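Here's a quick briefing on a few local features worth a look. Have the sequence and the model open as you read.

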Amino acid sequence: MAKYLVKRVLMAVVTIFMVALLTFFLMNAVPGNPWLSEKNPPQAVQDQLNEKYGLDQPKPIQFAKYMGNLLQGDLGVSIKVNKNKPVLDIIKEMFPTSATIGALSLGWALVVGVTLGCISAYNRGKWVDSLLRVICTIGISLPSFVVATMLLYVFATSLGWLPPIFDSSLGIKSYLMPCLALGLYPMCYIARQSRTSMLDALGQEYIKTGRAKGLATPAIVFKHALRNALIPVLTYLGPQIAFTLCGGFVAETVFTIPGLGRYFVNAISARDYPVIMGTTIFLAAFIIVMNLIVDLLYKAVDPRINLTKGGD
């Protein structure tokens, strides 16, 4: 296990370096600079700003300095959206809101998705199965901004039941629409994965043996078959947890949520390079950690899995 963990850490370092490299050069490949706006400052002012933030130096030198600072835990400072504020402080400030909404979204998506998948698999070919498959297909097909806009129109504008703008002081009422919008796609995807995995598990010999021994249906589905059916779901949850907890970009923009996702979108629009770099690296690191946790969960779900052989 120790050898496996060391290998994963080394792979993580290489992955983060490649993510930083690609993000940096792709970001700088786009024409323009952070100082261009409706009221463009004089060229002399732009030159002074470039010199102040080190943007006048050759790109390889900029990248080398950024990586050196990154190794010391310095993600730089915002140069446009929130001038001179450390990017690390921005992430610390914005991430809790995104993480709360993301955790609530994935929580209900996982519970409902797995339950619907099991029900659909056990009722294969019946009207319940067909209905759930249609609902899940529609849920996967709808873009998140469409779902968010529909919820906003129905529950905020038409019915007036929920606030149109996120306000944490209002409690659960402010969280309902963002969590529904963020959780619908994962819920439908998890339901489809659970159904497929459950169908495969229900066809195994040990399930047939359990039925022959007279085991009750709930015991067969939720105690024996579900354990093996969860592995594909765990595979999906690794990166999905990271993306959702770091901020649903569309949902946070539609509902005006002061989270990391909305801030990241604003940083891209403003070409705030340090914020773009820092948020991207943070998301990449979070995905790597989540994937490692998922791999370790494989072992807990199925002790037969050998992580040192083909587990990476």
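A word on accessibility before anything else: buried means under 20% relative accessible area, exposed means over 50%, and partly exposed is what lies in between (1.4 Å probe, protein chains only). This is a predicted model, so local features need pLDDT of at least 70 and side-chain atom pairs count only at pLDDT 80 or more, while totals for chains, interfaces and linings use all residues. Residues are numbered from 1 along each chain as its sequence is written, and side-chain values use heavy atoms, with hydrogens and water left out.

**Salt bridges**

- Side chains of opposite charge can pair when their charged atoms come close.
- Searching the whole structure turns up 2 salt bridges, each being a side-chain nitrogen of Lys or Arg within 4 Å of a carboxyl oxygen of Asp or Glu.
- One of them joins K85 to E93, with 2.3 Å between the closest N and O atoms.
- K85 is partly exposed at 24% relative accessible area, and E93 is also partly exposed, at 46%.
- D129 and R195 make a salt bridge too, at 2.9 Å from N to O.
- That pair ties together distant parts of the chain, 66 residues apart: D129 sits in helix α5 (residues 127-141) and R195 in helix α7 (residues 172-202).
- Helices here are DSSP runs (H or I, at least four residues), numbered from the N terminus, and strands are runs of E of at least two.

- C118 lies in helix α4 (residues 87-122) and is buried, with a relative accessible area of 1%.
- Along the chain C118 and S194 are 76 residues apart, yet their C-alpha atoms are separated by 6.5 Å.

**Aromatic pairs**

- Rings of Phe, Tyr and Trp (its six-membered ring) pair if their centres lie within 6.5 Å; planes under 30 degrees apart count as stacked, over 60 as edge-to-face and the rest as tilted.
- By that rule there are 10 aromatic pairs.
- F24 and F25 give an edge-to-face example, with centres 5.1 Å apart and 85° between the planes.
- F24 is buried at 6% relative accessibility, whereas F25 is partly exposed at 34%.
- F155 and W161 make a tilted pair, because their ring centres are 6.2 Å apart and the planes meet at 40°.
- F155 is partly exposed at 26% relative accessibility, and W161 is exposed at 55%.
- F24 and F25 also belong to one aromatic cluster, along with F17 and F63.

- Helix α11 covers residues 260-270, and its buried residues include L260, G261, Y263, F264, A267 and A270.
- An α-helix has 3.6 residues a turn, so residues three or four places apart point the same way.
- Most residues other than glycine have a negative phi, and most peptide bonds are trans.
- T256 has a positive phi of about 55° although it is not a glycine.
- You'll find T256 in the loop between α10 (249-254) and α11, partly exposed at 30% relative accessibility.
- R271 follows α11 and has a positive phi, near 55°.
- R271 lies in the loop between α11 and α12 (273-301), and counts as buried at 15% relative accessibility.
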